Protein chains: 2
Amino acid sequence: MGLMPSAWAQQIKPSPTLEIKSIADRLRQEGKQIYDFGIGEMNPELPVPHLLKAAISQALMDDATHYSPEAGDPELLEAIHADLRLFGLSYSPSEIVVCPGPKDAVFKICVTMLNPTSRRNRLVTFAPTYESFENLPILLTGKPPIILQTDAHLLPDPNQLADLLNQDDTVALIVLNSPNNPTGTVYPPSLLGELAEVIGRHGQICVLSDEVYRTIVYDGLEHVSIASYLPKQTLLVGGMSKEVSGTGLRLGFIAGPEAMMGAIANVEGNTSSCVNLPTQKGYAHFLRKDVDLRLRYQIRDALSIRREVLMEGFGELVKDAVWERPSGAFYFFPDMRRYFGRQTPEGQLLNTDEELALYLIESANVVTVPGSKFQRPGHLRFAYAVSLETINTGIEQLAEALARLSVE
Amino acid sequence: MGLMPSAWAQQIKPSPTLEIKSIADRLRQEGKQIYDFGIGEMNPELPVPHLLKAAISQALMDDATHYSPEAGDPELLEAIHADLRLFGLSYSPSEIVVCPGPKDAVFKICVTMLNPTSRRNRLVTFAPTYESFENLPILLTGKPPIILQTDAHLLPDPNQLADLLNQDDTVALIVLNSPNNPTGTVYPPSLLGELAEVIGRHGQICVLSDEVYRTIVYDGLEHVSIASYLPKQTLLVGGMSKEVSGTGLRLGFIAGPEAMMGAIANVEGNTSSCVNLPTQKGYAHFLRKDVDLRLRYQIRDALSIRREVLMEGFGELVKDAVWERPSGAFYFFPDMRRYFGRQTPEGQLLNTDEELALYLIESANVVTVPGSKFQRPGHLRFAYAVSLETINTGIEQLAEALARLSVE
């Protein structure tokens, strides 16, 4: 018998969005014109602000290429501390740890909290949910997450959560994600307050609040963190990836109560040493300059226009989809179940979101991610940080492909 | 009861070298002239080659700021594949996974291999050993590593390992590290062959071969990997941190058998997404240009001069230390036990390496790391990637401080 990964490592699924990306890349290599709503990144359509690129480059040329302290470069911790104040949050620099990406920040929280031999070692997440929240608990404890479904408006139900926490004493971590991937939903402050009230009754349970889309909120809404209501139980995950359109730069952070942050910094130091220092220095400079969020809101505004165009095209051409207008992030998550039971021109009956997504790739060159990849079958995820041309033509192509389906 | 890290996360120790760094930084802030042999990095004494900095900067300006595939940018995988050939190793690009730093690469191997519920879930390491190899098994399984001591020449004993593997069926991973941190020892090829022969009798055991110092080998010796002898059971860890003097840039990689690498890439994708893309692109360019290893050997040669000066000063001035000439990396690990039992001018009896290290900081401003931090008490680690001035004056100061000790 040769080398084998652990049984838990064997159980985790590949990233569906990276899988979809490789399908799209293959089609592109075959010379096809693809309308790619698959992966959640804005580059090259919306490039990283020049100010940030120049500051990273300058730090590199200045030989800022040595280790930083494990929790992060002091300059950056100070800058994140000041930036969090803009969102009404008060964390000292010693309550912040910088990680190589928001996904890594999520992983480090899970490594620090999810011990397979503890009574409390389960992670709770609300479907639809981001891929990592399914896989990380399996990788670390062998146990899948507890998945609660959101309601018809894609919002969590505090009563349902209260019932779970009253019955189940194995919960260690609850994941909240607003603005949400894959739905674009923004949780209303009143809902965050209700959730905080429920979770606050169980002082040893931690909220992992994924807020990487905090600067991408539309319609004059403001981003509110559950940490405003529940500071002692929240580990807030933020990062530059989405808000500066630099997903490949990999810088995230965790903010939380000091006692937890010491342990997280120690985990970080033992597993990563530190984060790419020129990127840390550059982001510190960027945050100090972007105190009015102007550069980040430029990216939001460009995305807002794309949202408008997508909503309009979809509303006009894709009549049988059921959806609500997303308020944040750059995802759109329509319910496509009314198209199920219809037949393709080749005679195939479409019964699932996965079959529908595959049909759209093959017959319309339109790439989306099936909702079942996010534990919410029947939907499709559109990441709309793409060109207006892609949106306009892509939706037309998609509508034509849907129109070619025949009702049996 | 409030939030608590897991019992395992609570047990891991802070990084001793980062702890020592913070002591040195504090003394520097107090305005003291410090002779700092504490932390293993070369910057700013030996800066990152300009070619590499320029290539990273160019990639950034060219907007290479999107995600790469989880295993790494195809261009970089190709470049690492070609570079490994220079060391006599034949891995295809699909047998390589890029990680955010060599320490992260080690962590990802441990996450993939060490399952607390498996029979085989123990890590074996040879003392003296690098801090991560102590902490990671505790963090992931609650169990400390099995630590075998090396012999008087700081080399592992294949017979001792054979006895362990015959008696103990819980071993999953064996860590080898040549050139070695903290000793500077380079394992002779014949020893690697013997170790491979022993481990090869147990096909399901994996060797984690930490080779981050592979380009820093002196005296005309050549770096040899145990993967040359045991390719099907070796996961090789390499990285740019030490060989390009860019510890803060954080790029490492794993090369190994394809079946394992698929699982590792999946772990990587679910926990890190990918590595800072401008750094990946820049390193790919660097490797393509440095096919004769000239730029990396320039760094080695600068370190070699420092080794000579350190050896000479130590030999002349520190008569009661016992040591062998290190053949690789940039560490020197003398046995200082003959100084134990002596008394400081303040009347303190020095009985341990930790007391001795503290005395040297306080009375000579010389920073070293006690060997007991690496599971080998009685020694001190000197990281000598520092200026010649630091070495010359530092060793003089150290010798004077040792001369002030009185034998009872």
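This is a predicted model: local features need pLDDT of at least 70, side-chain atom pairs count only at pLDDT 80 or more; totals for chains, interfaces and linings use all residues.

Student: What makes α10(A) largely enclosed by the rest of the structure?

Tutor: A residue counts as buried when its relative accessible area is under 20%. In α10(A), 11 of the 14 residues are buried, so the helix is largely enclosed by the rest of the structure.

Student: How do you know what span to expect for α10(A) at 1.5 Å a residue?

Tutor: The expected span is 1.5 Å times one less than the number of residues. For the 14 residues of α10(A), 20 Å is expected, and the distance from the first C-alpha to the last is 20 Å. After this helix comes A:S273, with a positive phi near 65 degrees.

Student: How do the 12 residues of helix α3 of chain A agree with 1.5 Å a residue?

Tutor: Those residues, 50–61, should span 16 Å, and the end C-alpha atoms are 16 Å apart, which agrees. The buried residues of α3(A) are A:L52, A:K53, A:A55, A:I56, A:S57, A:A59 and A:L60.

Student: What covers the buried residues of α3(A)?

Tutor: The cover includes α9 (240–243) and α11 (277–289) of chain A, together with α3 (50–61) of chain B. Just after α3(A), the residue A:D63 has a positive phi of about 65 degrees.

Student: Why is A:T129 called buried?

Tutor: The cut-off is under 20% relative accessible area. A:T129 has 3% relative accessibility, so it counts as buried. Its place is in the loop between β3 (122–127) and α6 (131–141) of chain A.

Student: Which residues are in contact with A:T129, leaving aside its neighbours within four places in sequence?

Tutor: Contact requires heavy atoms within 4.5 Å. By that test A:T129 is in contact with A:E134, A:P182, A:F374 and A:Q375.

Student: What makes strand β3 of chain B largely enclosed?

Tutor: Of its 6 residues, 122–127, 6 are buried, so the strand is largely enclosed by the rest of the structure. B:R122, B:V124 and B:F126 point one way, while B:L123, B:T125 and B:A127 point the other way.

Student: How do you know that β3(B) pairs with β4(B) and with β5(B)?

Tutor: Two strands pair if there are at least two bridges between them. β3(B) has 4 bridges to β4(B), residues 146–149, in the parallel sense. It has 3 bridges to β5(B), residues 171–177, also in the parallel sense. Both counts meet the requirement, so both are pairings. As examples, B:T125 has B:I147 as its bridge partner in β4(B), and B:R122 has B:V171 in β5(B). Together with helix α6 (residues 131–141) of chain B, β3(B) and β4(B) make a right-handed β-α-β unit.

Student: What makes both faces of strand β8 of chain A covered?

Tutor: A:G252 and A:I254 on one side, and A:F253 and A:A255 on the other, are all buried. This strand is joined to β2(A), residues 96–99, by 4 antiparallel bridges. It also pairs with β7(A), residues 234–239, over 4 bridges in the antiparallel sense. A:C99 stands opposite A:G252, and A:V237 stands opposite A:I254.

Student: Why do β11 and β15 of chain A stand at the edges of their sheet?

Tutor: The open sheet has 3 strands in the order β11-β10-β15, with antiparallel pairing. β11 (349–350) and β15 (406–407) each have a single partner strand, so one side of each is left without a neighbour in the sheet. Between β10(A), residues 342–343, and β15(A) there are 2 bridges, and A:R342 has A:V407 as its bridge partner.

Student: How many residues of each chain take part in the contact between chain B and chain A?

Tutor: Chain B gives 77 residues and chain A gives 78 residues. The two chains bury about 6,300 Å² between them, 60% of it on carbon and sulfur atoms.

Technical notes
Residues are numbered from 1 along each chain as its sequence is written. Chains are lettered from A and ligands numbered from 1 in the order in which they are written. Side-chain values use heavy atoms; hydrogens and water are left out. Buried means under 20% relative accessible area, exposed over 50%, partly exposed in between (1.4 Å probe, protein chains only). A crossover is right-handed if, with the strands pointing away from the viewer, the path from the first strand over the helix to the second runs clockwise. Buried area is the accessible area (1.4 Å probe) that two parts lose on being put together, summed over both.
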